[in-house]
Amino acid sequence: MAVIKIAIYQKNLHKRIGLEEISKIQQTKAHFLLLPEGFPHFFQGETPEIASKHEKEYQDQLLEISESFPGVILGGSHYRKNEEGHLVSALPIVQSVVLVDFYEKKSPSSSKEPGVSPGKTESIFIMGGLRFGLLVGEDLENESIWDEFKKEDIEIVFYLSSADEKRTYEEDLTYFETLAKKRLVHLIRVCGPTEGKPARSLYASPSGINWKVGKLEEDKDVLKTLSVNVMRSYLL
C-alpha cells in the first residue's frame, strides 16, 4: 500500500493563480495538483474556436506553477486543435516545466461546446509512479471509459468538472458516494466556481465520502491536500 498526496484547487476559473498562491501549492508537497475543468479561462472567447487561439496563454499559467511545484499538474482544460486538426477540449498534463501530454474529453456537449470533436486519447495514464484514470465533464457518464477502467483494474480516478446545477448539494454527495461504491474506485473531483455556478469538490471512495467542500464554500477558492491509500495502482 502507498499513500499518494493530492492537492486539489477549487479555483475561480477567471482569476490567475498568483505568486502567493503558487507558494501555498508548493508547500503542500503533494505528488499531484488537480485544477478544475475550464481553468484557466482568462479570455472571453465567444466560441471554443475563438478560445483555442489562446492556447499558449492558458498553458503558460500551468508552466509558471510548475516552476515551483515539482509534482504532476493535471488540468484544468482548454480548447485546442489537436495533431489531426480537430478542435478538442484538452486537459494538459504538466511536470517539471514540461507539457508532457494531453487528455482529450471524449464526450463534449454539442449544445455547450459547438464544433468540439470527441477526443481520441487514452483515458489511463502513468505519472509519478501512479496508474490513474482521467475524466472531464460529461465523460463521467461514458460507459465505455468506465468499462476500460474496470478492465485495467484502475483504482483511482481524477475527475475535472463543473457542478450539476440540477442536483442539490446533498444530492451531489449521494450521487458521488453511490458512484464510487458502484465502481470501486477512489474518485477525486475538483470544480471551479464561475458566474454564480457552485463548485463542489470532493473525495469519494468505496467506503463513502472522505472529504467534501462545505456548503458555504461552494463559491470560494479552496486548496485542500488529500492523502489517498492505493494498493494496486502504485508502481514504485
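Helices (H or I, at least four residues) and strands (E, at least two) are DSSP runs here, numbered from the N terminus. Select H86 to see the scheme at work: this residue sits in the loop between β4 (78-81) and β5 (87-95).

Before going on, two notes on the model. It is predicted, so local features need pLDDT of at least 70, side-chain atom pairs count only at pLDDT 80 or more, and totals for chains, interfaces and linings use all residues. Residues are numbered from 1 along each chain as its sequence is written, and side-chain values use heavy atoms, with hydrogens and water left out.

**Stop 1: H86**

Stay on H86. Colour by relative accessible area, where buried means under 20%, exposed over 50%, and partly exposed in between (1.4 Å probe, protein chains only). H86 is partly exposed, at 36%. Now show its contacts, meaning heavy atoms within 4.5 Å. Neighbours within four places in sequence aside, H86 touches R80, K81 and S117.

**Stop 2: the whole chain**

Zoom out and switch to cartoon. The protein has 5 helices and 13 strands. Its radius of gyration is 16 Å, close to the 18 Å of the globule rule for 236 residues, so the protein is as compact as a globular protein of that length. That radius is taken over C-alpha atoms, and the rule is 2.2 Å times the number of residues to the power 0.38. Along its principal axes, the C-alpha trace spans about 45 × 35 × 35 Å.

Accessible area comes to about 10,900 Å², and 50% of it belongs to carbon and sulfur atoms. These areas come from the Shrake-Rupley method with a 1.4 Å probe; for residues, only the protein chains shown count as cover. Of the 236 residues, 56% count as buried. Among contacts between residues at least 6 apart in sequence, 65% join residues at least 24 apart.

Next, colour by charge. Lys and Arg count as positive, Asp and Glu as negative; His and the chain ends are not counted. Each charge is placed at NZ of Lys, CZ of Arg, CG of Asp or CD of Glu. The 30 positive and 36 negative charges have mean positions 4 Å apart.

**Stop 3: the cores**

A nonpolar core is a set of buried Ala, Val, Leu, Ile, Met, Phe, Trp, Tyr and Cys residues joined through side-chain atoms within 4.5 Å. Which members of the largest core touch the most other members? Select I6, F32, L74, F132, F158 and I188; the core has 47 residues. Centre on F158. Beyond four places in sequence, F158 is in contact with I6, F32, L34, L74, L130, F132, G133, L134, L135 and I188. Apart from this core lies another, of 15 residues, including A7, Y9, I17 and L62.

**Stop 4**

Show the peptide bond from F39 to P40. This bond is cis, with omega near -5 degrees. P40 lies in the loop between β2 (32-34) and α2 (48-51). Move to G75 and G76, which are also joined by a cis peptide bond, with omega about -10 degrees. G76 is in the loop between β3 (72-74) and β4.

Then check phi. D153 has a positive value near 60 degrees, and this residue is not a glycine. Its loop runs between α4 (143-151) and β9 (156-160). D153 is partly exposed, at 40%. L184, likewise not a glycine, has a positive phi of about 60 degrees. Look for L184 between α5 (169-183) and β10 (186-190), in the loop. Is L184 buried or exposed? With a relative accessible area of 57%, L184 is exposed.

**Stop 4: two buried loop residues**

Select E113, in the loop between β6 (98-104) and β7 (124-127). E113 counts as buried, at 5% relative accessibility. Sequence neighbours up to four places away aside, its contacts are P48, Y79, S89, K105, P108 and E138. From E113 to L74 is 21 Å, C-alpha to C-alpha, and 39 residues in sequence.

Finish at S201, in the loop between β10 and β11 (202-205). S201 is buried, with a relative accessible area of 2%. Not counting residues up to four places away, S201 touches I8, Q10, R189, V190, C191, W211, K212 and V213.
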